[in-house]
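Please look through the structure shown here, together with its sequence. The paragraphs that follow take up salt bridges and then a sheet.

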Amino acid sequence: MKLRRILKWIASIILLALILWVLIAYWTSTNDCERYSAVPNNLMKAIVHCEYGSPNVLKFEDVEKPVPNDNQILIKVRAVSLNAFDVYVIRDTWLGRLIFGLRKPRDTRLGRDVAGIVEAVGKNVTQFKPGDEVFGICRGALAEYSCAFERALVMKPSNVSFDEAACLPLAGLTALQGLREGKIQPGQKVLINGATGGVGTFAVQIAKSLGAEVTAVCSTRNVDLVRSIGADHVIDYTKEDFTKSDQRYDVIFDNVCNHSFTERRRVLTPKGICVLAGMGGAGVKQGQAIRRIVGNLFTARGLSSFTDQKFAQYMTKVSKPDLIMLGDLIQAGKLRPVIERTYKLNDAPEALRDLDGGHARGKVVITVKQDNKI
């Protein structure tokens, strides 16, 4: 009995300490928004979000122009493409607060995909020089200037616009690396579920470039679009459920994950692979996202351990060789970014609202002009 009381006492202390830690972490979590009203003379325009919420919390502000460290590159931003991630980080959800900051977002800057011109380089940078035209991944791309690491940038092909190059990084890497998980071979039948978003449009084209016979799943209004980028067959999900057809696929690139484990197994070949690539894009709400994450991790992937059919999951990685490959594909005309619409930097809140609607076709792009402050 005495041991039990001691254990209960220890458990109570641990619980109280945990509660105290959460409270302290909550009230001390802050960001640099307070400094924006007193920034120095070295200013630039940027999109910032000081609070969680809808795209309405985004502000077009004067902030301090970044200075690259020894391993970084300062980019004069010319174009930025938006991703579902940019919508997720501003939403006021308990999961988002656990990841991005309990009381306020720690990182107030948005944007990852960037294309622009090298303005300055750190002393340890060897592959780039001022004036080079580049594209890749950075933090805080929705601004006139941003800093990136050398490993996350590659040279922009000369025959490709900044808008097109900015579409490639995250969506292109996600499609390329996911299809690689599917071990696609020439002549195989590949189905892309969710074929008209940023990732989906790239997945259709990359699968075709690998010699696959591609079936794209989309809505009625996007049938002509997916055919124009190379799909051999199109399934309109408003009229037909691909999991109920008699067709079998060697690879399913599932960018939506809106079907059960059993339904997807039914249309896989005996040794087929279903690549769990996404949750449905920016329009998916928190409850749906969590259910699909659980379905991916614990149901589909777990149960596939007992079958010859595999459900593969992966994390998109920043890869310089893969960025170079994407640049080569677009330069060779085998990859064409689908751009839904372009916006000015100060119109980024409107662009995020459109993306949050969940029906953007291809990519939404922000163009940045340093000589245009509004």
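A salt bridge is counted where a side-chain nitrogen of Lys or Arg lies within 4 Å of a carboxyl oxygen of Asp or Glu. The model is predicted, so local features need pLDDT of at least 70 and side-chain atom pairs count only at pLDDT 80 or more, while totals for chains, interfaces and linings use all residues. Residues are numbered from 1 along each chain as its sequence is written, and side-chain values use heavy atoms, with hydrogens and water left out.

The structure holds 16 salt bridges. In one of them, glutamate 119 joins lysine 76, with the closest N and O atoms 3.8 Å apart. Glutamate 119 belongs to strand 4 (residues 113–121) and lysine 76 to strand 3 (residues 72–81), so this pair ties together parts that are 43 residues apart in sequence; strands (E, at least two residues) are DSSP runs, numbered from the N terminus. Glutamate 119 is partly exposed, at a relative accessible area of 32%, where buried means under 20%, exposed over 50% and partly exposed in between (1.4 Å probe, protein chains only).

Another salt bridge links lysine 129 with aspartate 132, the closest N and O atoms being 3.1 Å apart; here lysine 129 is exposed, at 51%, whereas aspartate 132 is buried, at 9%.

Note on methods. Helix = DSSP H or I, 4+ residues; strand = E, 2+ residues; numbered from the N terminus.
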